[in-house]
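Trainee: I have a structure to look at and would like to learn how to read its features one at a time. Could we go through it together?

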Amino acid sequence: MNLTHSLQISKTAQSRLPEVDFDNLAFGEIFTDHMFVCTFRDGKWQSPEILPYQDIPMSPAASALHYGQAVFEGMKAYKDDAGSVWLFRPELNFNRINTSAKRLSIPEFPKEYFFEGLHNLLQLDSNWIQPGIGNSLYVRPFVFASQACVQAAPSTEYKFIIICSPVKAYYSGEVNVLIEKKFSRAAAGGVGYAKAAGNYAAQFYPTALANQKGFQQIIWTDASSHQFLEEAGTMNIFFRINNTLITAPTGDTILNGITRKSVIEWAKAAGIKVEERAVAIDEIITAQHNGSLKEIFGSGTAVVISPVNSFAYEDERYQLPKIKNAYALQIKKAITEIQYNQAEDPFGWRHKVS
Ligand code: COI
């Protein structure tokens, strides 16, 4: 790849940091002082820049607005008590955005630009990261088709941007989920495994219907039979039957979650049996009835590990038991302690920024 490789940095004249109320942060509504921007034009990625955070000029004919040619990532930066800034397995996010991009016919983004941009951006805006478990900076890399053209064809221009938002917990209360039988999130051969913008838009309507019934999330079932549990859209999903953790295997229809992968690796190293296999709704209902279903929890960058309080299927609501030493809490503690540099990192997951 022919890289020009000169990151231009323009700093903001006036930080907005003093205006931020860190005790009352709604997820993803406030953005830091700077952003990383790189344009693809004339067949190559141009010189990357860091600019003051600002609106982006865009043609109303920009292809992403019409055909949804856009993908994104979700990562978090953490600050330890000594003030050092860390990322968690960022090379997996980098690989995944290019996997997603390939599926959407978007040109691959260069690794050097990604990491140089990310490091400089996080260093510039490091004062926006509060130390302490529960505080983090949500990092949102995304790429979209920016060519002004409404032909239904891949764009010839793209913007790769990284923005950052200080956050706390994604869900503040309990999480009750609905097993969905009518709508589908992803089908075999489709884009379900990609972090394609449209995958999320397609969930908004069914999720809003579920919200009206008091559920925070949907558990999606496979599009052909609606008999197997897949993922929850903002999170992958784990079931604990007796002492075995079970989760659907990644493939065409399921996001290859980085927290999911870390849960599996940590659990196996801790001696917990993990099965990646199809999970039938019938199996979960039977396990609920005979008392062997101990836990359900979601995993994701935004949600971290989110225990499920209850689930519903075909108008029946099932309450999960309250148990001691829940795997969800043990795993959440272990992973967050690694993320915040409060524990050894035997897996080499932590990545130092500064
Ligand atoms: C993430 O966990 O980063 C996600 O992508 C979920 C997001 C849609 C809030």
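Trainee: Which residues of helix 3 are buried?

Mentor: Buried means under 20% relative accessible area, exposed means over 50%, and partly exposed lies in between, with a 1.4 Å probe and only the protein chains counted. In helix 3, the buried residues are Y113, F114, F115, G117, L118, L121 and L122. Before we go on, note that this is a predicted model, in which local features need pLDDT of at least 70 and side-chain atom pairs count only at pLDDT 80 or more, while totals for chains, interfaces and linings use all residues. Residues are numbered from 1 along each chain as its sequence is written, and side-chain values use heavy atoms, with hydrogens and water left out.

Trainee: What span does helix 3 reach from its first C-alpha to its last?

Mentor: Helices are DSSP runs of H or I with at least four residues, strands are runs of E with at least two, and both are numbered from the N terminus. The expected span of a helix is 1.5 Å times one less than its number of residues. Helix 3 covers residues 111–124, 14 residues in total, and reaches 20 Å, close to the 20 Å expected.

Trainee: Which residues are around the ligand?

Mentor: A residue counts as near a molecule if one of its heavy atoms lies within 4 Å of it. Here the residues around the ligand are F72, G74, Y138, R140, Y170, K195, Y200, T301 and A302.

Trainee: Why does the ligand lie between domain 1 and domain 2?

Mentor: The domain bounds come from an automatic or database assignment. Domain 1 (8–167) and domain 2 (175–339) both give residues to the shell around the ligand, so the ligand lies between them.

Trainee: What is the phi of S105, and where does S105 lie?

Mentor: Phi of S105 is near 60 degrees, a positive value in a residue other than glycine. S105 sits in the loop between helix 2 (90–103) and helix 3, and at 44% relative accessibility it counts as partly exposed.
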